[in-house]
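Open the structure in your viewer and keep the selection tool ready. Each stop below names what to select and what to look for.

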Amino acid sequence: LIYGSTWPKQKIEQTARSVYRMLGKNLFDAIHLSRLPQERFDTLVSHDDLSAVKKAYDQGRGVVAITAHVGCYEILLHFFARHGFKSFAIGRRMFDQRLEDLVRSLRSGEGIEYMGRDEGSLKVIRLLRQGKVFGVLIDQDTRVEGVYADFLGRPANTPSGPMKIAMKFAIPVIVVTTARQSDDTHHVYVYGPLELQDTGDFEKDLRANVLLANTLISKAIERNPDQWVWMHRRWK
């Protein structure tokens, strides 16, 4: 759908196979890296400059950290916590208790809180008011409140709740992604805080700001197309 008119079939098939190899590697690292001592973790996970994020965090209003299922994204909660940013994430309960236990163990630790989607937006706002970083994935159509915005060049229903909260409460927004490098280390890319559109037309501004986040995520996927979860039905 996205590359059929520009890539040869062989490249598409090779990339599709590589997606599953990367998922396997990143699943292992999601578990392994979270358990490493700080010094070893830092040798395997490099990152962009965090000074702008720290400045936003120190305002005490919380930070909305928008991310995507790219690379070893499960390490991001631990990454922020290990760099002194208390963080939290929200997720849907898994259908299998064993998977639920695995996900919760991956998304827990010192300075990290994980909450179920059924706990509601009021808790999200409360945790943000405590100054925490809200890590949220917006690159899938997960049957939550959303708006249509281009994603990899095609309109896609995109979760908009986190951006709406940020706009209503003047909370800084960043986009953060991670990618496995050729030497099997990881790099965390940080963009922002974003300059959000504020014309007074809330719905129009919301769509524009979601598009801005989608554009940055799309660039991350285009940079490493074999590190995104293409098997999800992004465009229904």
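## Stop 1: a bridge across the chain

Select Asp141 and Lys236: their side chains meet in a salt bridge, 3.6 Å from N to O. A salt bridge here is a side-chain nitrogen of Lys or Arg within 4 Å of a carboxyl oxygen of Asp or Glu. Asp141 lies in the loop between β5 and β6 (146-151) and Lys236 in the segment after α8, so the pair ties together parts that are 95 residues apart in sequence. Helices (H or I, at least four residues) and strands (E, at least two) are DSSP runs, numbered from the N terminus.

Now compare the two ends. Asp141 is buried, with a relative accessible area of 17%. Lys236 counts as exposed, at 63%. Buried means under 20% relative accessible area, exposed over 50%, and partly exposed in between (1.4 Å probe, protein chains only).

Before moving on, note that this is a predicted model: local features need pLDDT of at least 70, side-chain atom pairs count only at pLDDT 80 or more, and totals for chains, interfaces and linings use all residues. Residues are numbered from 1 along each chain as its sequence is written, and side-chain values use heavy atoms, with hydrogens and water left out.

## Stop 2: Arg234

Arg234 is buried yet has no salt bridge. Which side chain of opposite charge is nearest to Arg234? It is Asp141, 5.3 Å away. Lys and Arg count as positive, Asp and Glu as negative; His and the chain ends are not counted.

Look next at Asp139. The side chain of Arg234 reaches the backbone oxygen of Asp139 at 2.7 Å. This is a polar contact (a pair of N or O atoms within 3.5 Å; within protein, one must be able to donate a hydrogen and the other to accept it, and residues adjacent in sequence count only if both atoms are side-chain atoms).

Then select Phe151. The charged end of Arg234 sits over the ring of Phe151, 4.7 Å from its centre. A charge sits over a ring if NZ of Lys or CZ of Arg is within 6 Å of the ring centre and within 35 degrees of the ring normal.

## Stop 3: aromatic rings

Stay on Phe151. With Tyr3, Trp7, Trp228, Trp230 and Trp235, Phe151 forms one aromatic cluster. A search of the whole structure finds 10 aromatic pairs. One is Trp228 with Trp230, edge-to-face, at 4.8 Å centre to centre and 80° between the planes. Rings of Phe, Tyr and Trp (its six-membered ring) pair if their centres lie within 6.5 Å; planes under 30 degrees apart count as stacked, over 60 as edge-to-face and the rest as tilted. Trp228 is buried at 1% relative accessibility. Trp230 is partly exposed at 27%.

## Stop 4

The structure holds 10 salt bridges. Select Glu113 and Lys132: their closest N and O atoms are 3.4 Å apart. Glu113 is in strand β4 (residues 112-116), and Lys132 is in the loop between α6 (121-129) and β5 (133-137), 19 residues apart.

Finish at Asp184 and Arg180, which meet in a salt bridge of 3.0 Å, N to O. Asp184 is partly exposed, at 35%. Arg180 counts as buried, at 6%.
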